[in-house]
Every structure is written in C-alpha cells, then in structure tokens.
Amino acid sequence: MSRIQSKPVLRILPAAALVLLLAPPPLLAETLTVPAVTSLPVGTAASPFFSDVRVFNTSYSSSVSVTAVYRCFLGACPSAAPQVIFVLGPRESRAFDDMIFAAFAAPGSAGAVEFTSSGTSVRVTSRLYSTAPMPTVGMFVPGLRASEAHETSVLTSLSNGLFRANVGIYNGNDVGVTATVKLYNGAALLGTQTVPLGPRSGTQINRIFDAVGQGSVVTTNAYAVVESDNASAPLFTYAAVIDNATTDPILVTGGDDERAPSGPPTTPQTINVTLTNYRFDPGSSGPIEVTAGAETTLIFEAAQGSHGFSGVPELGIASNNNITAGSDDGYGGGQPPRMYRVTFTAPLSARGTTFQFWCTVHVPQNMRGTIRVN
Amino acid sequence: MKRLSLSLFVCGLALGALTSGLVAETVTVPAVTSLPVGAAASPFFSDVRVFNTSYSSSVSVTAVYRCFLGACPASAPQVTFVLGPRESRAFDDMVFAAFNAPSSAGAVEFTSPGTSVRVTSRLYSTAPIPTVGMFIPGLRSAAAHRVSVLTSLSNGLFRANVGIYNGNDVGVLATVKLFNGTALLGTQSVPLGPRSGTQINRIFDTVGQGSVVTTNAYAVVEGDNPSAPLFTYAAVIDNATTDPIFVTGAQDEPAPSGPQPTVPPPPTATPTPPATQPPAPTATPTPTRTPTPGSGTTVVELVASQFEWNFSGGGASFTMRVGQTYELRITSDDVTHGFGGSSALGLQGATLNPGSAPVILTISPTSSQIGSHAFTCSIVCGDGHPFDGAIQVSP
C-alpha cells in the first residue's frame, strides 16, 4: 500500500522541482540611493541649489514600478518622508527637474532619495547645481547601489585654501549609528568629528577643515576616513570639493577603506618640555617619545630667555613664536611666563618615524630637537 | 578516505596558490588630459590622487598612460612608484608632469598587487573661468561593460561629449546610439584599437542632430565583442560656464535581436529664406557611414591636419560642379579638429577625432551656390590657427 502511494509522490516531486526550476524567480527589490539632493531656492540659503534627477529603465520588454522616498535631514524637512510612485516603461528615461520641490514639495531642504524597484533594471543619475553666482555650476551625483555603502570609507582629493570641502554621510539603515570622520593631511590627523545619525538620515559637515579647527591649513591632497560604529550598518559617504573662486563643485564618492587596526588602548599622555639656551629637554639630547594613536599634550615652558617652536606639520602640531621665561621686577610685578600647550594625536602610519623641530628664535643651527613616534 | 584526503590536499594546494600571491588589480581613469593654453580651444588638466588603504603594507603601483588623442608619444609612457601605508600621492597635471605628454589626452591604468589602491581625479579647465571641472573616478574592471547606458545627457544650453576606452588587448568596434525619448537620433560606429579609446565631442552635432534641444537624452554604447567590455562616459557641459559633469556608463541590457528603431531625418536647422535670397541649401548631412556611395556620386576625401586642409591630396581648395553629387569624407590626421561647416552649402559643422570614422556629408550644389565658400577649423588646435579651406562651386 505504501508503495502504491509513494509512486505518485515520486512523480510529483520531480515535476514540482521542474516547475520551480522553470518558474521565473521572484525579482528581489533593489534600492538605489542618491546621497545628496536639495532644493534651495533663492533666499533660502547663501546660494540657490537644485537637483535634476533622471531615472532610466534598462529593460526592453518590461515596465518597472519605482518608489522614490525623500529622506530629508537638513533644512525645512516635512514631518513624514514624502514619496512618489511611478512606472517606467521599457527604455524610458524619466526626468525630475528640481525633484525635491517638484516631486516632494519640500523646498528649502536637503537630504537623500531612495529609489526602490523590483529587479535590477533601474539606473539613476543626477546633477546638483547652483544658479548663482554663476548659472550654472554643478556636480554629478550618482544613484548608488547598497554595495557602495561601506563600514569604513575614504574620501580622497580633498582640498582646502583655494578650495573648500564638505563631507556628507547618509545612513540608509533602519538603525541609528555613530559616524566618525577623521581628517588627514599627509600622515597628520588634523582632527576628528563624531556625528550621531538616525535611521535613514544623514548629515553634511560643511567646511570640514574649519569644523575640525584647521581652517588655515592649505592643501590639495588631504583625505578623510568615515567610520560607522556598527559593522552591519554601512554608510554612503561623499565629499563636495568646491572651487572658492567659481563655486564649482565635484562630488567624490567614498571608496571602500580598511578599518584601522585595533591595538592596545592608548591613554592620553602629557609631556613637559623645558627650553633653555640652547636646548629642548627632552628633545635635543634625545627625542620626545610619543605613542601613535594616543592623544598627546606637549607643554613648552622656557626656563630662561625667549624661544619659539617650529611645529611639526606632518603630525598636525602647530608652531608658536612666543615661549618666554617670566621676568621679576623686584616689586612683585614683571612679565608672567608664556607657555605653549598643544594637543595632537600621532597617526598609526607615523610609527617608527622621527620628526625634526627647532627654535624659531634661535634658528635650526643653534637649537633643535626631535619627536619620535612609537 | 584516500579520495577525501586527496581532495583536501588538492583544495589546500589551490588555496595556497591563491593566498601565496596577490592578484593584480588595474584601476582605470578613463579620461585624462593636459592641454595647455594654445593647444586647444580651452586649456584642460587632470589632477590625480592615488591612495593606499593598507595600514601595514606598502604597495608598488605602475601607472601607464594610454594616449589616443592629440600629440601622443610613440610608446605608452609609464611611471612606477611605491605608496607607503595610508599614503596619498598627488599627481598634479599628471599627463604633463608624470608622462611628459602635453597636448594630448587618453586614459591612465594603475596596476598594483591586491586591492588596496584607490584613485580619484579632477579634470578641469582654467579658461574662460578658472576653474570649472569634473570628478573622474578610478574605475575597476567591473565598471567596464559590453553594453552601457549614459543618461542625463543634454543639448542646447548644454552639450555632451561621449567617451569610450577599450582596456582590452584586442580591438573593438564600438557603436554609440543616441536617443531622445523613444527616438533614435543617430548612430556612430568607432573602431578602437587595443588599449585605446576616443571621445566624440558634441555627440548631437556628430550624428547630425545639433539643433535638438533636450535635457533628458541618453546614449547606448555597445562593443562588438562580448568578452571585451568598454569603459564609457559622457561629459555634459554647461555652454554658459563650460562647467562639466562626468556621467559614468552604467551596465545596460543588450538590445534584443529584431527590428530596430530607425533614425529620423535630421531637423532642418535653417529656416526657409525669403524669396529674394538663394534657395535653401539642399545638402543633407548623413550621420552614419555609407560604405558605397550611390551611382554618380563623387567621393572626396577631406583631411584636417595641423595646420591645413587637404582635399584628396590636392590642397585646401576643391571645385564642385552644379548638378553633380559629392560625398565628403572628412577625417583628422593628427589631433582633434573641427570642420566649421558652410551654411551657404548646407554643410553642418562636425568634430573630427583622429582615428575615428569619417564624418560623411553629402552635397549636390545648385546654380544659386556658384562661387567660393570658405570654411575653417572650428577647434583651436594650436598656434597655426586659423586655417581655412574652400569649396568652389562652378557651373
């Protein structure tokens, strides 16, 4: 009896398997993210900015339904995320000029737009541009696939001085994260910014060099590392690098970066350096020893005379030309001593390197020292 | 058991082979240039940054300049350098400073072991406005496609140039199809040598549709060899500011076999003149290649070089007779030139890229066009500008 019953089952199973094999697989939804969009009409910002977006269906045979959701996080954001649903015919390119205003009715705001559709046939491109002071200058902002969000990303080609750089981050996850932006110039860590980002939200740190207190640094070869504190919540990152003369921007998309190696926890260190004629102590007879990755504070104090410190640009240590011993006029007056206190963090990449510095009053030939990064 | 052990051993060998050496990766910047003042209509430069993501290892990088436009060196120049851990190397005006190839354009391939190298660049102009430019990423090989689509193309207030780089060791015939909505505006086919490329400037003009005004066109670029994918891009430029954006080609579906959309006739750019003026020119530019001209058609080769026009080897002037049909096949012999066209003869202007397929224009002069019609090189390609040619129409 059981044998008789099993025969149909045996017949049905291969047939079902065949049906499963032949049936078209369900299309998985894909989301493309344009990480920077805006509509800032004249009067709502220092310069007007707009985003023109194009959405294209590569299929020659099938229409595709697309849901576009505006994730606003800057400016006059609507209370709920606006969305539009539209159908693209085969090979159709849909134009959304000034999309944030025209499609989402959210002028005076900025954020990201997520385009979700079934399958992988949708392509999204956009131009974010300004109409003043010159009509027009702008930058290409691509629609990014999920694989282009990274736990750690690096933004290169950053400039400051003749240019400025804004760093943007979009968290396309359903959980909040803390993003850390570290700005480097050569081996020097210029500064760090930490930003909490809600789910499906983001930020843009304008003038990142100013934001980390290094607005006077002039460079055309800086980079920033953006790191999420949640390994399973990667982030879309970009930098807008803008020519100050023309306001012409380019959009640098974040490249996948290595996570910084973990090491033993580093404790902050403070080192007192005494300046006399003609020595730094420590520094002149042996190097000032600092630990890579540790926040280090150097306190320069003159025991006699007037001195200066050249700084170490490679480590982000600024110079100072006024380090003097105090004077006593014998009546309880005189000049107080002028010390110099500077805090920096030597990057891990500087380990094993020795850097020179000198007294800016007594010139390198007469009074100099070294810092070694361990 | 023995079989299992052998399998594990073989697997172990394979894994060992895989992990013993890092596979080389090539990152391609598909558009770089160094066009100093005087070398072109506008000066252009490429500033490139190369970064090593590793915290522990240096990496050796070989950068090879694949020049295909302008004054290209006889062999591909290259530089090899070592990036320390977390080092970012700056190459300002890389084509000139690193490759000593001013007045040229092409692509740069950065090859290194492993996957730790990132490349970014800005291609920019210093005139008429210093500076406007565009971001050009270093692209991994997966960003080259057999068929790619370039969206966000504009014409009218903007212009669009289409670029293709063939990073393969075999030659490819690339076909560019330009669409506006469902209309196929025109097609250009370009043979590309191995490790070579082209840029079709003003793609709307090139396909004979320069008068079309649009902000929502797209182009499809297809290679004829499925195993030789192509890097593609479009530079979309605001004519008012010359500010460009760089659209990277995205993977597209191959067109299904079957009837394809037809190219509509190019719009009439010149309004009908008043009766007192000569009749409208009858010449019609033909955007696609015509291998065999019709019977009774005279083929005339017109070659631009620095700094002269040459009609079929006979100098800068050519005489056409009323009632005869001529097929002008215009090419560049060295750098990018511009055929300025002749409104009186109904000849549209065109960009001439060296190595590209000829621009073909057909003309049947009428009695109202008898006389001398000068044309010029419309793209300033050096100090020898301007240089002119002429078509004489005789009875």
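Buried area is the accessible area, taken with a 1.4 Å probe, that two parts lose on being put together, summed over both. By that definition, chain B and chain A bury about 3,700 Å² between them, with 52% of it on carbon and sulfur atoms. The model is a predicted one, in which local features need pLDDT of at least 70 and side-chain atom pairs count only at pLDDT 80 or more, while totals for chains, interfaces and linings use all residues. Residues are numbered from 1 along each chain as its sequence is written, chains are lettered from A and ligands numbered from 1 in the order in which they are written, and side-chain values use heavy atoms, with hydrogens and water left out.

**The two chains**

- Chain A has four helices and 26 strands, where helices (H or I, at least four residues) and strands (E, at least two) are DSSP runs numbered from the N terminus.
- The secondary structure of chain B comes to three helices and 27 strands.
- Of the 374 residues in chain A, 49% are buried, and of the 395 residues of chain B, 51% count as buried; here buried means under 20% relative accessible area, exposed over 50%, and partly exposed in between, with a 1.4 Å probe and protein chains only.
- Chain A exposes about 16,900 Å², of which carbon and sulfur atoms supply 55%, and chain B exposes about 16,300 Å², of which carbon and sulfur atoms supply 58%; these accessible areas come from the Shrake-Rupley method with a 1.4 Å probe, and for residues only the protein chains shown count as cover.
- Among contacts (heavy atoms within 4.5 Å) in chain A between residues at least 6 apart in sequence, 72% join residues at least 24 apart.
- For chain B, residues 24 or more positions apart account for 75% of the contacts with a separation of 6 or more.

**The interface between chain B and chain A**

- The contact takes 46 residues from chain B and 46 residues from chain A.
- Across this interface the rule finds 22 residue pairs in polar contact, both residues being at pLDDT 80 or more; a polar contact is a pair of N or O atoms within 3.5 Å, and within protein one must be able to donate a hydrogen and the other to accept it, with residues adjacent in sequence counting only if both atoms are side-chain atoms.
- On the side of chain B that touches chain A, several strands each supply at least two residues, among them β2 (44-52), β7 (117-125), β9 (147-155) and β14 (214-223) of chain B, and β16(B) gives the most, with five residues.
- By class, that side of chain B has 22 nonpolar, 14 polar and 10 charged residues, where Ala, Val, Leu, Ile, Met, Phe, Trp, Tyr, Cys and Pro count as nonpolar, Asp, Glu, Lys and Arg as charged, and the others, Gly among them, as polar.

**Salt bridges between the chains**

- The rule finds four salt bridges across the interface of chain B and chain A, a salt bridge being a side-chain nitrogen of Lys or Arg within 4 Å of a carboxyl oxygen of Asp or Glu.
- R86(B) forms a salt bridge with D257(A), with the closest N and O atoms 2.8 Å apart.
- R91(A) forms a salt bridge with D252(B), with the closest N and O atoms 2.7 Å apart; this pair crosses between chains, from the loop between β4 (83-88) and β5 (93-96) of chain A to the loop between β17 and β18 (284-286) of chain B.
- R91(A) is buried, and so is D252(B).

**Salt bridges within chains**

- A search of the whole structure finds 19 salt bridges over all chains.
- R140(B) forms a salt bridge with E25(B), the closest N and O atoms being 2.8 Å apart; R140(B) lies in the loop between β8 and β9 of chain B and E25(B) in strand β1 (residues 24-35), so the pair ties together parts that are 115 residues apart in sequence.
- R140(B) is partly exposed at a relative accessible area of 38%, whereas E25(B) is buried at 13%.
- The side chains of R66(B) and E109(B) meet in a salt bridge at 2.9 Å, N to O, and the pair links distant parts of the chain, with R66(B) in strand β3 (residues 59-70) and E109(B) in strand β6 (residues 104-113), 43 residues apart.
- R66(B) counts as partly exposed at 21% relative accessibility, while E109(B) is buried with a relative accessible area of 4%.
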